[in-house]
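Please read this briefing alongside the sequence and the 3D view.

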Amino acid sequence: MMKQWLIQIEQWLFGEDKKQQKPELSSSDEPNPVRRRLFRQVAIGAAGVTGTAGLAKSVVDAVPEPDLKKKYRHDALKGETELREREYVVMTNQEKEAMLQSFIDNYNNKS
């Protein structure tokens, strides 16, 4: 049953029976039609692959690239404005002593 399916699929794809595909042993100069069909199918397949690759390249090249310098400048400007808007607050002596004590206490834990 599987063999019959394969034969039917082959006939559907190639359009001829295996018996008709056998080359004649005549010494004529005409090319073999089976070979012609093979070369035609190969040429169509190569054209399809080349066309698909060209289309894919044109789609990829059509995507606009972002302006990285503009984004970098915008980000830097945001950071600068945020730093300018901060207010300077003087630490009290008590805050300074507490920070110094936390550095001293955590010094042994770091090593």
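**Helices, surface and salt bridges**

The protein chain has 5 helices and 0 strands. The model is predicted. Along the sequence, the pattern of the chain reads α-α-α-α-α.

**The chain as a whole**

- Of the 111 residues in the protein chain, 1% are buried.
- The accessible surface of the chain is about 11,500 Å².
- Carbon and sulfur atoms account for 59% of that accessible surface.

- Trp12 is one of the residues of a nonpolar surface patch of about 600 Å².
- The patch is made by Trp12 together with Trp5, Ile9, Leu13 and Phe14.
- Trp12 has a relative accessible area of 70%, and it counts as exposed because the cut-off for that class is over 50%.
- A residue needs over 30% relative accessible area to belong to a patch, so Trp12, at 70%, passes that cut-off.

- The structure holds 2 salt bridges.
- One of them joins Asp61 and Lys57, whose closest N and O atoms are 2.6 Å apart.
- Helix α3 spans residues 33–62 and contains both Asp61 and Lys57.
- Asp61 and Lys57 are 4 residues apart, which is about one turn of the helix.
- Asp61 and Lys57 are both exposed.

**Helix α4**

- Helix α4 runs over residues 68–85 and has 18 residues.
- From its first C-alpha to its last, α4 reaches 26 Å.
- That reach is close to the 26 Å expected at 1.5 Å a residue.
- Helix α4 is hardly covered, with 0 buried residues among its 18.

**The salt bridge of Glu82 and Arg86**

- The side chains of Glu82 and Arg86 form a salt bridge, with an N to O distance of 3.7 Å.
- This distance is within the 4 Å limit, so the pair counts as a salt bridge.
- Arg86 has a relative accessible area of 57%, so it falls in the exposed class, which is over 50%.

Notes. Residues are numbered from 1 along each chain as its sequence is written. This is a predicted model: local features need pLDDT of at least 70, side-chain atom pairs count only at pLDDT 80 or more; totals for chains, interfaces and linings use all residues. Side-chain values use heavy atoms; hydrogens and water are left out. Patches are made of residues with over 30% relative accessible area and no salt bridge: like charges are joined within 9 Å, nonpolar side chains (Val, Leu, Ile, Met, Phe, Trp, Tyr) within 5 Å. Accessible areas come from the Shrake-Rupley method with a 1.4 Å probe; for residues, only the protein chains shown count as cover. Buried means under 20% relative accessible area, exposed over 50%, partly exposed in between (1.4 Å probe, protein chains only). Helices (H or I, at least four residues) and strands (E, at least two) are DSSP runs, numbered from the N terminus. The expected span of a helix is 1.5 Å times one less than its number of residues.
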